[in-house]
Amino acid sequence: MNLDRYYLEMALIEAEKALEENTYPIGAVIVDEKYKLIAKGRNRVHPQQDATAHAEIDAIRNAGEAILNAKVIREKFTIYTSLEPCPMCTGGILFANIKKVVWLLNDDLGFGGYRKIKATNVFDERFNEVELIEEPFEDLKKRQEELMEKWATNPNNVVNLRNALNK
Ligand SMILES: [Zn+2]
């Protein structure tokens with residue numbers, strides 16, 4: 001079995017859990033060089049009332065000392081995420097020294113930041129060390145798109161929260 005696919009499916013399951021918890025449907029998984037699972041994460045913004053509790057940050061936090069150890073011994077970790085990371089998570093990924101990033105769905109309309117920041121060439125030295133794989137599986141990409149569509153109708157979606165206020 002394709003391991004990228006296996007872990008992206010795991011990230012999708014985390015995204016589904018997040019949606020069930022009434023928050024943004026985004027999941028992330030970190031693995032080591034031998035594709036051993038290190039940590040899972042999912043968006044927890046609404047359950048934790050924390051605007052920074054994004055899936056990638058959650059996974060990095062859950063990875064704990066493994067991230068720092070990998071930095072010391074130059075082991076290359078991979079993060080799988082269901083959506084292109086935002087600017088904050090892009091920074092977190094670079095700080096965590098993660099060397100491969102794979103995501104299911106590009107985020108051009110939302111807060112997708114990875115490709116935009118990379119394109120500035122400001123942090124070339126960091127970005128050049130990171131392998132990037134965008135949207136490798138059409139069927140899994142569709143599943144993430146469907147989760148995002150469901151999120152659009154969730155009462156916690158900020159648009160819906162505003163509409164509820166204006167009633
Ligand atoms: Zn983020």
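Predicted model: local features only at pLDDT ≥ 70, side-chain atom pairs only at ≥ 80, totals over all residues.
Residues are numbered from 1 along each chain as its sequence is written. Local features need pLDDT of at least 70, side-chain atom pairs count only at pLDDT 80 or more, and totals for chains, interfaces and linings use all residues.

An unreviewed UniProt entry lists residues 2-114 as "domain: CMP/dCMP-type deaminase". Such annotations may be inferred rather than shown by experiment. Over residues 2-114 the chain is 44% helix and 17% strand. Helices (H or I, at least four residues) and strands (E, at least two) are DSSP runs, numbered from the N terminus. The end C-alpha atoms of this stretch are 24 Å apart.

**Helix pairs.** Axes are lines fitted to C-alpha atoms over the stretch in contact, and angles run from 0 to 180 degrees between N-to-C directions.

| Pair | Axes | Angle |
|---|---|---|
| α1 (residues 3-20), α8 (residues 138-152) | within 11 Å | roughly 10° |
| α3 (residues 55-63), α5 (residues 87-95) | 8 Å apart | about 25° |

α1 and α8 are therefore roughly parallel (angle under 35 degrees). On α1, the contact uses L8, E9, L12, A15, E16 and L19. On α8, it uses L140, R143, Q144, L147, K150 and W151. Contact means C-beta atoms, placed from the backbone, within 7 Å. These residues divide into seven nonpolar (Ala, Val, Leu, Ile, Met, Phe, Trp, Tyr, Cys, Pro), four charged (Asp, Glu, Lys, Arg) and one polar (the others, Gly among them).

α3 and α5 are therefore roughly parallel to each other. E56, I57 and I60 of α3 meet M88, C89, G92 and I93 of α5. That contact divides into five nonpolar, one polar and one charged residue.

Terms used
Parallel < 35°, antiparallel > 145°, perpendicular 65-115°, else oblique. Contact = placed C-beta atoms within 7 Å.
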